[in-house]
Each structure stands twice: as C-alpha cells, then as structure tokens.
Amino acid sequence: MNRAKLFGGASLIAIALTLSVPALADQDVTLDQDVDGNSSVDSGQKRTNDVSAGMSNNANGISHTQQNNGTNNAIGLESDVAAGLIDSDQNVDFDQSVTNNAAEENSIFLRQRENFINGSHVGSNGRHAVQQNNGDSNAIGASFAVTDGFSDAGGTIHDQNIDMDQVVEDNSLDHDDLNGGDLDRVNEVNGGSFNGSSGAFSVQQNNGNGNAIGNAQIIAHSGAANNTVQDVEMDGMVQDNWTPGNIWDLESERLNDIDDAYKNFGGISTTQQNNGDANVLGVASAVVASTSNSDVDQRVDVEGHVGSNEGPTVTEGQRDNNITTGAFDGSEGILSTQQNNGSTNVIQSGTAVAANSGQGDVSQDVSVSGSVYEFFSSDDDSERFNTINGSVNSVDGLLSMQQNNGDSNVMGIGHAVAAYQEGNRGSEDDVDQYVSVTGTSNAHETFDDNDPGGSNGIDGERINSVSGSFNNNFGAGSIQQNNGNANVMGSAIAAKLDLGSTFGPGGPLGADEDVDVQVVSTEGTVEENQNFDTAFSGPPPEYDRRNVINPSFNGAQGVYTVQQNNGNNNVIGSAVAVSANIASDDEIENVMDAVASVDASVRYNENVDGDVGFSGTNLRNDVTSSFQGSQGVFTVQQNNGNNNAIGSSTGVAANVETSLQTLENVANGTDVHADVIGNEAFSDAVSDRHNNVSGGTFNNALGVVTMQQNNGSNNAVSAAKSIAAAVDDGTFSTASTVTNLSAVVSGNTSVIQPTAGFPGRLNTAHASMNGFQGIYTLQQNNGDNNAVQSAITVTANVSGLNLVP
C-alpha cells in the first residue's frame with residue numbers, strides 16, 4: 001500500500017506548486033451570493049453539459065470547471081494560491097442563498113437534461129474540480145485556498161477554517177414528466193475519467209431545480225513545528241418545498257452512473273450526483289501535510305434540514321444509481337461518493353485530513369446530522385435500483401458510499417483522518433475521538449402501489465445490489481443503499497493511524513500512546529409514520545423489495561459497515577472510530593474511555609401490506625458467497641421493512657504487529673437502546689419474506705461479525721461494537737468492560753394471513769461460516785413490531801494473523 005498517496009502525502013503537494021511570491025500572513029477567501037425572487041418555466045428545453053475526452057488529461061496543478069444551463073443563477077469561483085506563508089491561518093467563508101424559487105416543467109418527451117464527464121482528467125495530478133448543473137434558480141459557488149508553507153523558510157499553518165452555509169428557501173416546483181421511453185435526467189462519469197490521477201478531486205453533477213451547489217477546500221503543506229486546527233462547518237436547509245400543493249413526477253427516468261472511472265486513483269475524491277429538485281449539495285475539505293511535529297485538532301460538522309415537504313407523487317418512473325465496470329478499482333485514499341435520485345434533499349460531504357511525518361496528539365470530532373420534517377408521498381409502479389457491480393476492488397483507505405432513490409432525504413458524510421508516518425523518530429501520539437451521526441425524520445405518510453408487468457413480473461421493484469465488489473480491500477468503509485422515502489442517511493468515520501513508525505535496527509523501543517476517549521454514537525427518531533404497500537404481483541411471483549450481497553468483500557481486511565434498506569420513513573446511521581498502530585515500534589498502551597452506542601426511536605407507526613385476495617409485498621435479503629477469507633470487524637444490516645431506525649456504531653483500538661503489543665489498561669463498552677412504541681402492522685395478503693445466508697459466506701474469515709436481516713415492520717435494528725485488541729502476542733494489565741442492551745416495543749397489533757405456500761416467511765443459513773474464527777452474530781427476522789439488536793464488547797489478544805498487506 002502506498003501510504004503517501006493514501007493520506008494525501010506528496011501527490012497533494014503537486015497542488016502547492018513551486019511558487020515564488022512574498023511571504024504572507026493569512027489567506028482569507030470570502031464568497032457571498034444571493035439570487036432572490038426566482039421563477040422559471042421549462043416545457044422541454046434540452047440541456048447538456050459535456051466534459052469529454054482530451055480535457056485536462058495529464059494536467060498538473062489546479063483546475064476548476066463550472067458548466068450551467070439554468071436560469072436565475074449566480075455562479076462564483078474564488079481561489080487563493082500562495083507560497084511561503086509564515087505563521088498563517090487559512091479561512092474560507094462561504095454563503096449562498098437562492099430564496100423564493102418557483103419552477104415548472106411540463107410534458108417532456110425526450111432526454112432533456114444531461115451531465116457527462118467522459119474520458120477526461122486521466123493521469124492528472126493536483127487539485128481539480130468539476131461542477132455541472134442543468135437546473136433553475138441555482139447559486140453555484142466554489143472557494144479554495146492552497147498554500148505551500150514549506151517552499152519558504154519554515155512556513156507554518158496554524159488554523160484551517162471553512163464555514164459553508166447554503167439556503168434555498170420557499171420552493172414550489174411543479175414537475176410533470178410524460179416520458180417517451182428515454183432517460184430524462186442523466187449524470188455520467190465514465191470512459192476512463194480520473195483513472196491514474198492523484199490529488200484532491202471533486203465532482204458535482206446536478207439536474208434539479210432550485211439548488212445551491214457549493215465546493216470549499218483548503219489545502220496546505222506546512223514545513224515547521226506547529227499546532228494545527230482544522231474546522232470544517234457545513235450547513236444546508238431547503239425550507240418549504242411543496243407546501244402549497246403537490247409535485248408530480250409522471251414516468252420520468254433518472255440515472256446516475258459511474259462507470260470505468262477513478263481506477264488506480266490516489267488521494268481524496270468526492271463525487272456527488274443528483275437528479276432531484278430543491279436540493280443543497282455541498283463539498284468541504286481541509287487538508288494539511290506537515291513535515292514536522294504538530295498536534296492536530298480536527299472538527300467536521302455536517303448538517304442538513306429540508307422543510308415541510310409534500311409530494312412527490314411518482315408514477316411508473318425509474319430511478320437508478322450505478323457504480324460499475326471497475327470503477328475505483330485499485331484506488332488509494334479517501335473516497336466519498338453520493339448518488340441520489342430523490343427530491344427536496346440536502347446532500348453534503350465534509351472531510352478533514354492531516355498527514356504528519358512528525359509527532360503530535362490528535363483530537364477528532366466528526367458530527368453528521370439530519371432532519372426532514374413533514375412529509376407525504378405516493379409511489380405507483382415506480383422502480384428504484386441501486387447497484388455496485390464489479391467495482392471498488394483492491395482499494396486501500398477510507399470510503400463512504402451512499403446511494404439513494406428516495407424522497408425528502410438528508411444524506412451526510414463526515415471524515416476525519418490523521419495519519420502519522422514518523423520514519424525513525426517515533427513519539428507519543430495520544431488521541432481523542434468523537435463520532436456522532438444523528439437523524440430525525442418527523443411526520444410521514446407514504447403509499448406504494450405495484451401492478452403486474454415489468455421484466456420480473458411486477459412493476460415497482462426496489463433492489464439494492466452489491467456484486468463482485470469490495471474484494472481484497474484494506475481499510476475502513478461505510479456502504480449505504482436505500483430505496484425508501486423521507487430518510488436520513490448518515491456516515492461518519494474518524495481514523496487516527498500510526499503507520500510504520502520505526503527507529504531502525506538497534507534503535508530504542510517505541511513510545512507508549514493512549515486512546516484517551518473514543519465515543520462513537522448513532523441516533524435515530526422517526527416519529528409519526530403511516531405506510532401502505534399494495535402489490536398485485538402476477539405470475540411468476542417475484543420479490544418487490546430485495547437486498548443482495550453476492551461475491552463481495554472476499555479477502556477484505558479492516559472495518560466495514562454495509563447497510564441496505566428498501567423501507568420508508570427510516571433513519572440509517574453508521575459511525576466508526578478507529579485508532580490503530582500498524583507495523584510500528586510505537587504502540588497503544590491505554591484505552592481509557594471507549595464507548596459505542598446506538599439510540600433509536602420510531603414512535604407511532606402503522607403499516608398495511610396488501611389487499612385480501614392479492615399478493616402482498618414480497619421481501620428478500622440475500623448474502624451469498626461473500627466475506628470469504630476476510631479479516632476484521634464487519635457489520636451487515638439488511639432491511640425491507642417500514643418505519644425503521646437502523647444504526648451501527650463501531651469503535652476499534654488496536655495494535656497490529658507493533659514491537660511490544662502491550663495494552664496496559666482497557667475500559668470499553670457498548671450501549672444499545674431502541675424504542676418502537678405504538679405500532680400496528682397488517683399483512684392481509686399473500687406475501688413471502690425470506691432471509692438467506694449461504695454459499696460459503698464468511699468461510700475461513702476471522703474477526704468480529706454482526707449480521708442482521710429483517711423483513712418486518714416498525715422495527716429498530718441496531719448493532720454496537722467496542723473492540724480493544726493486540727494482534728500478535730499482546731498482554732493486558734487490567735480490563736473493564738460494560739455491555740448494555742435495552743429495547744421497548746410497546747402496544748403492538750399484528751394481523752397476518754397465511755401465504756399460499758413456500759416460502760412464506762423463511763430464514764435460511766447454510767454452507768457458511770465454516771472455518772470462521774472469532775465472534776459471529778447472525779440475526780434473521782421476518783416478524784413485525786420488533787427491535788433486533790446486537791451489542792458486543794471485546795478485549796482480546798490475538799496471534800497468528802497477517803493483517804498488513
């Protein structure tokens with residue numbers, strides 16, 4: 001693994017160029033845009049943005065491309081590039097507002113809004129950004145500050161601050177789409193784009209209306225001893241959405257596609273693709289590479305809000321998200337990908353990265369929030385697919401991938417990474433980690449009515465699929481796929497890594513380091529939900545909602561969370577904190593206060609599934625031939641229910657093949673709580689529900705695994721792990737562990753009519769987990785009104801592994 005590429009290193013400093021300018025004190029970049037009382041009508045105008053082959057290939061340095069085919073837009077780009085900064089701060093103050101939007105689109109019969117990046121930015125190095133938009137009433141802004149403090153005598157970077165605030169306000173958007181068999185809105189990154197590139201790259205593609213799209217980045221190379229504070233603050237807000245009336249989406253087809261792109265990429269990439277309406281999309285990242293001693297304080301705060309949504313009504317449409325054909329294969333670094341085909345969404349990604357070749361303590365605080373408010377939706381025969389196929393293999397580093405085909409969603413990613421490569425120096429690098437993902441979704445109603453037809457015997461399928469992907473990966477990752485409505489999805493990862501810090505032959509023993517605090521939490525709250533699913537499946541009987549993991553994650557090593565959901569009114573959260581010393585003479589000595597917690601609440605739910613005499617909604621979860629020979633900590637959650645809060649929190653403190661392997665004192669624990677409260681669930685029709693684990697899944701694997709499969713209703717599905725481990729010949733002086741698990745499900749009613757035959761409600765687990773070593777938990781449920789929970793606390797010495805590729 002090329003650890004310099006993995007955490008910024010030299011490839012990012014291609015950005016800092018070889019500049020010769022006078023020494024400066026600070027960099028201040030301010031962007032403020034207002035667009036005011038917008039209104040727009042579009043009756044079928046074709047709009048295309050195209051960045052094609054021969055664009056920015058083998059380019060080195062800094063580039064930013066903005067393309068827009070909208071109306072009432074303010075488009076701003078600010079950059080500050082400098083060298084020789086001494087005792088400096090870098091500040092980006094970013095503000096956008098679009099206010100009173102109203103937009104209309106009627107009777108469209110052709111492929112009318114497209115963004116393409118095809119065969120461009122191949123083999124490029126540095127900092128590159130592309131923003132493409134085909135919407136209305138948008139403010140599109142980009143601000144970045146880049147400096148090389150090392151090129152002058154001992155320049156230092158003290159603070160990096162990004163303050164991003166985007167508001168879109170009073171939206172009222174009609175959208176009638178009578179599709180003539182063609183895709184209406186398309187975002188594509190393909191044709192080898194970004195293959196073999198390295199540095200900091202961001203892509204934002206949007207085909208919506210009433211959007212503010214922002215990109216703020218700070219990148220620095222610091223050459224002298226220093227204490228660095230990185231503060232990345234993002235907000236969102238979209239406001240009143242469709243309160244005055246409904247939004248109609250008739251037969252529209254929306255596609256996000258990443259295909260044959262980002263292969264062998266190294267560095268930091270953020271990709272956002274959206275085909276919705278009234279959205280805020282934001283990218284913010286702060287990166288510092290230091291060649292000397294430096295304490296690092298990283299704060300990443302990503303928020304949301306959406307407003308008082310009503311609609312959309314979606315009829316006979318199709319919404320697809322695809323990552324295929326080797327995309328991201330062989331890449332190294334920090335990869336964030338968000339694909340969405342919904343409406344009234346806030347989609348944001350915030351990242352702080354510190355790569356240090358000296359020494360220093362680390363404090364990391366990553367918070368991803370949410371909120372959606374009042375919501376109503378109807379879905380008649382709409383098909384929604386999320387697919388990751390033959391991609392993201394042999395990847396080293398951190399990755400978050402979110403795919404969503406729902407409505408009124410908040411999606412957030414937060415990353416904080418501190419990597420130390422101290423060569424022959426070694427030092428005490430203590431760490432505090434706080435990782436928090438919260439939700440809230442509020443008052444809902446959803447309807448889903450599927451008729452016979454379609455390629456699989458029905459219209460209206462919702463399928464999440466991971467196939468032939470994430471094999472032989474090394475690192476940490478969160479993969480979230482959702483085809484529901486009114487959801488909050490959050491992913492947060494904090495990682496402090498000591499990579500290969502050695503003193504060389506004959507040198508002294510390494511330093512003792514402490515994990516003082518490691519608090520990892522996810523929270524839910526979904527509130528006043530109602531949901532009605534009616535399916536008239538004709539022969540052959542098929543599954544309306546399905547989650548599939550098939551030949552994936554084989555040979556993977558690290559900490560991975562996979563969440564797949566085809567429900568409604570859900571909060572889905574994943575929080576991960578990792579502190580690890582890998583192949584180092586330095587070691588973690590004490591783990592003081594490590595807690596992983598999940599808190600979920602779902603409230604006043606009701607669910608009806610099908611009509612008597614017809615087929616109900618058939619549900620299936622499959623994990624086959626996956627995770628074979630994998631090593632590490634894995635959480636897999638699959639759900640096809642409704643009104644659920646699904647949370648996973650994982651904390652890991654580990655010495656992996658270090659010199660002494662001593663963990664003197666360990667205090668860690670887990671705390672899982674769920675409330676589901678006033679539920680009723682009716683299943684008045686013939687419906688099949690099947691959970692399946694087979695095909696050698698987790699054969700010859702090693703580690704701590706939690707697997708949860710659920711096809712019920714009104715459920716909270718939670719998993720928490722707190723792990724302290726010394727891999728290969730470690731010892732403990734004292735260990736104190738606490739594991740708490742509690743659930744309240746409350747005044748439930750459930751009516752179920754028998755199915756017409758096999759499989760009915762079926763759980764199967766066979767030909768799997770053979771040769772597995774470690775702790776394995778499998779929970780399969782096809783019931784109603786349940787809380788399905790797992791809490792695991794581990795303090796262990798493990799030997800005989802080979803975890804460093």
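Biologist: How much accessible surface does the chain have, and what share belongs to carbon and sulfur atoms?

Modeller: Accessible areas come from the Shrake-Rupley method with a 1.4 Å probe, and for residues only the protein chains shown count as cover. Here the accessible surface of the chain comes to about 22,000 Å², with 46% of it belonging to carbon and sulfur atoms. A word on the source: this is a predicted model, where local features need pLDDT of at least 70 and side-chain atom pairs count only at pLDDT 80 or more, while totals for chains, interfaces and linings use all residues. Residues are numbered from 1 along each chain as its sequence is written, and side-chain values use heavy atoms, with hydrogens and water left out.

Biologist: What percentage of the residues in the chain is buried?

Modeller: Buried means under 20% relative accessible area, exposed over 50%, and partly exposed in between (1.4 Å probe, protein chains only). Of the 805 residues in the chain, 66% are buried.

Biologist: How many helices and strands does the chain have?

Modeller: Both are DSSP runs numbered from the N terminus: helices are H or I with at least four residues, strands are E with at least two. This chain has two helices and 55 strands.

Biologist: Which strands form the open sheet, and in what order?

Modeller: Strands of a sheet pair through backbone hydrogen bonds, either parallel or antiparallel. Two strands pair if DSSP finds at least two bridges between them. In this model 11 strands form an open sheet with parallel pairing, in the order β4-β9-β14-β19-β24-β29-β34-β39-β44-β49-β54. Its edge strands, β4 (60-68) and β54 (773-781), each pair on one side only. Within the sheet, β19 (residues 266-274) and β24 (residues 332-340) run parallel and are joined by nine bridges; Gly-267 has Gly-333 in β24 as its bridge partner.

Biologist: Why is strand β48 described as largely enclosed?

Modeller: Strand β48 (residues 689-694) is largely enclosed by the rest of the structure because six of its six residues are buried. Arg-689, Asn-691 and Val-693 point one way from β48, and His-690, Asn-692 and Ser-694 point the other way. β48 pairs in the parallel sense with β43 (residues 619-624) over six bridges, and Asn-692 is the bridge partner of Asp-622. With β53 (residues 761-765), β48 pairs in the parallel sense over five bridges, and there His-690 stands opposite Leu-762.

Biologist: Which side chain does Gln-90 join in a polar contact?

Modeller: A polar contact is a pair of N or O atoms within 3.5 Å; within protein, one must be able to donate a hydrogen and the other to accept it, and residues adjacent in sequence count only if both atoms are side-chain atoms. Gln-90, found in strand β6 (residues 88-97), makes a side-chain polar contact of 2.9 Å with Gln-160. Gln-90 counts as buried, at 0% relative accessibility.
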